[in-house]
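The following note sets out several points on the side-chain interactions of the structure shown below. Each point may be checked against the coordinates.

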Amino acid sequence: MPFTASPATPSTRPDVFLSVEDHQTLSRLVGDMPAEGVAGLLQQELDRAIVCEPGERPAGAAPLHRWLHYVDGRSPEARRIQIVLPHEADIDAGKVSVLSHVGAGLIGLVEGCTIAWIDPSGAERSLTPVMIEDPESLIDP
């Protein structure tokens, strides 16, 4: 049975859903890193993630390598990015590392759910995925 996201309250973070494969990949990535900075934030998300077997991850949850549109607390205009592994990052192409503040904040988050997240300056901002693109319609720009 597929999972559904539970709503967040101001004192909690919204549910994060990751496939077994994404969870293992990201756990290996941060496994030997100090638990500080963005790697520490990502580790916290991995620790609380709901790990889903194939076919159980909600369709609107942001996985690795899928294009998504999101808004943040600074601008109502949606941005289109792809969350990727650090060696695949290319900001000019919209490919954002999962070890960036935005990538770590959005990974596994479900469309329409907002998370209060820390930006590089240490200020809190909100991140909300508004659309996860269908892989069949995926076209690299």
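Which backbone nitrogen does the side chain of Asp22 reach? The points below begin with this residue; the model is a predicted one.

1. Asp22. The side chain of Asp22 reaches the backbone nitrogen of Leu64, at 3.1 Å. Asp22 belongs to helix H1. Leaving aside residues up to four places away in sequence, Asp22 touches Pro63 and Leu64. Asp22 is buried yet has no salt bridge. The nearest side chain of opposite charge is that of Arg57, 5.6 Å away, and a salt bridge requires a nitrogen-oxygen separation within 4 Å.

2. Gln24. Helix H1, which spans residues 20–31, also contains Gln24. Gln24 has a relative accessible area of 43% and is therefore partly exposed. Its C-alpha atom is separated by 9.6 Å from that of Val51, a residue 27 positions away along the chain.

3. Phe17. Strand S1 covers residues 17–19 and includes Phe17. With a relative accessible area of 0%, Phe17 is buried. The C-alpha atoms of Phe17 and Arg57 are separated by 6.2 Å, although the two residues are 40 apart along the chain.

4. Ser97. Is Ser97 buried or exposed? Its relative accessibility is 13%, so Ser97 counts as buried. Ser97 lies in strand S5, residues 95–97. A polar atom of its side chain lies 2.9 Å from the backbone nitrogen of Leu99. Not counting residues up to four places away in sequence, Ser97 touches Val84, Leu85, Pro86, Ala89 and Gly103.

5. Glu45 and Arg13. How many salt bridges does a search of the whole structure find? The search finds six. One of the salt bridges joins Glu45 to Arg13, with the closest N and O atoms 2.8 Å apart. This pair links distant parts of the chain: Glu45 is in helix H2 (residues 37–48) and Arg13 in the segment before S1, 32 residues apart. Glu45 counts as buried because its relative accessibility is 1%, whereas Arg13, with a relative accessible area of 30%, is partly exposed.

6. Arg125 and Asp72. A salt bridge is also formed between Arg125 and Asp72, the closest N and O atoms being 2.4 Å apart. Arg125 is in strand S7 (residues 124–132) and Asp72 in strand S3 (residues 67–72), so this pair ties together parts of the chain 53 residues apart in sequence. Both partners count as buried: Arg125 has a relative accessibility of 11%, and Asp72 has one of 7%.

7. Glu133 and Arg80. The side chains of Glu133 and Arg80 meet in a salt bridge at 2.6 Å, N to O. Since Glu133 lies in the segment after S7 and Arg80 in strand S4 (residues 75–84), the pair ties together parts that are 53 residues apart in sequence. Glu133 counts as buried at 10% relative accessibility, while Arg80 counts as partly exposed at 28%.

8. Aromatic rings. The charged end of Arg80 sits over the ring of Trp67, 4.1 Å from the ring centre. As for pairs of aromatic rings, the count comes to zero where ring centres must lie within 6.5 Å.

Definitions and conventions:
Residues numbered from 1 in each chain as written. Predicted model: local features only at pLDDT ≥ 70, side-chain atom pairs only at ≥ 80, totals over all residues. Heavy atoms only, no water. Phe/Tyr/Trp six-rings, centres within 6.5 Å; stacked < 30°, edge-to-face > 60°. Lys NZ or Arg CZ within 6 Å of the ring centre and 35° of its normal. Helix = DSSP H or I, 4+ residues; strand = E, 2+ residues; numbered from the N terminus. Buried < 20%, exposed > 50% of the residue type's maximum accessible area, 1.4 Å probe, protein only. Lys, Arg positive; Asp, Glu negative; His and termini not counted. Polar contact = N/O pair within 3.5 Å; in protein donor to acceptor, adjacent residues only side chain to side chain. Contact = heavy atoms within 4.5 Å.
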